[in-house]
Structure formats: structure tokens, C-alpha cells
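This report describes selected local features of one protein model. The structure is shown first, and the description follows.

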Amino acid sequence: MDVYIQETAAATCHALIRHLIDTMNAKPGKIFHIAFSGGDSLLPLFDRWANDYGSQTPWERMRIYWSDERCVPVDDSDSNYGTLCRLLLDKVDFPLEHIYPLSGIFSPKREAVRYARVVSSMVPLEAEVPVFDLILLGLEPDGHVASIYPGQERLLALRELYAPCYNPYSGQRCITMTGTALLAAHRLLLLAVGRHNLTTVSDVLHSGDVTPAAYVAHHAPSVGLFVDRSAYKR
């Protein structure tokens, strides 16, 4: 695991964006298949990306997918797809045909199957499993990853690529990428800022597989953890 520590949350977001752009620029002829998680942790990243790196990012070589989605309409403030579009994709010159959203308005079970087919048809396969080039995941204080919460560890072991699930705090229905797809990715980029993420970061760095986030971070082939000083404790 590569750990990148910055003094502030803003600097941490900048470092992750620059890392992603540098990764793409290192392979100028390659199409990158990238999945984004939902939740609040990545929101500051989207805003800075649009405002500070819009002209520096090779958008035409990106294909955008999601690791999870809440079962709400796209214009709902809880929609992960809608949020990414409002904060980032609508503000830059991004080709609409290269966006592959999860839908939150259909049956979660059917949508999980449909989206798995879309991903499998677009993302390069290795051993019949789609392998994303990058998956961006925001870490949360409870240690959930994508929409796999503590107590739902069975989703880490499913053979299916996506599965219906729910938020145990609100009861909200969701769809999430499973461990099969998460652990197949070439590289995971994890973002955790703020003192409220001290325990989550400590679990990822120093504990066993005590949360879904820790499990994924420990078993993925390549992980970059981006943290600010307030979220990091030796």
C-alpha cells in the first residue's frame, strides 16, 4: 500500500487528482476505465477537480462508472450519479457517451444484473472478471466501502459483480459493487480526511480485516491511500 500524507484536506484532494492525471499521462494512448464511489467523502475532490484541473485532465480517455448507487431518481440530492454530474462532469468538457450510470429507479436486483452486463461488455476482462484501471473510494468513519457496511461482509465474497444492498442506518436501498470487482481492479485510490476518519485509517494501516474498507485495502493488488495529517496517526 502506498500512503500519501498531506497537511490539509485540500492538499490531499489535490494530491490524489494529480496522481490520477499523472497515471493517465504516463500511458497517453490508453483508455482508462474508472469507477467512483458515492458518499460525502469525495465531494470536496469533485469541486477542486472541476475548478483547478478541468483543462489538465484527459477527459476523452476516461470511461466513467460507479461502484455504488442509492435507489433514488437522478435529480435527488442522494444520487451518486447526479452528484458527480453536478459537481464535476457537467462543469468540464466530458463526452456524455462515455458515462455509464447505475440507475436508482429500477428494481435493485435487476439493475445490479443489468449493470454487471454493461461493465462486463465495456471494461477489459481478466479471467472473465472486468478489471477497472482505477476505482476511487471515499473512506467513512464506520469503515464501509462502496455500499458494503459492517455486518454485510458477505457482499465481499459474492461472485456477482454488483448486488442489491441497504444502508443499515437509514434503511435506504442501494446497489453496490462486490468484493469480486473491487479486488480485481488494477489500483484502488482511497481518500480519507478529517479527524473523524482516524479510526478508519488506523484500521486500514495497522489492524486486521476488521471492516469492509480494511479488508479491501489489505487484499487489493495495488492501493494508494491519500490522507491528511488530521486523519493519520502513527
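Helices (H or I, at least four residues) and strands (E, at least two) are DSSP runs, numbered from the N terminus. The model is predicted, so that local features need pLDDT of at least 70 and side-chain atom pairs count only at pLDDT 80 or more, whereas totals for chains, interfaces and linings use all residues. Residues are numbered from 1 along each chain as its sequence is written, and side-chain values use heavy atoms, with hydrogens and water left out.

His 19 is part of helix H1, which spans residues 9–25. With a relative accessible area of 19%, His 19 is buried (buried is under 20% relative accessible area, exposed over 50%, partly exposed in between; 1.4 Å probe, protein chains only).

Beyond its neighbours within four places in sequence, His 19 is in contact (heavy atoms within 4.5 Å) with Tyr 4, Arg 187, Leu 189 and Phe 226. The side chains of His 19 and Arg 187 also make a polar contact at 3.4 Å. A polar contact is a pair of N or O atoms within 3.5 Å; within protein, one must be able to donate a hydrogen and the other to accept it, and residues adjacent in sequence count only if both atoms are side-chain atoms.

## Position of Asp 90

Asp 90 is located in the loop between helix H3 (80–87) and helix H4 (108–122). Its relative accessibility is 56%, so Asp 90 counts as exposed.
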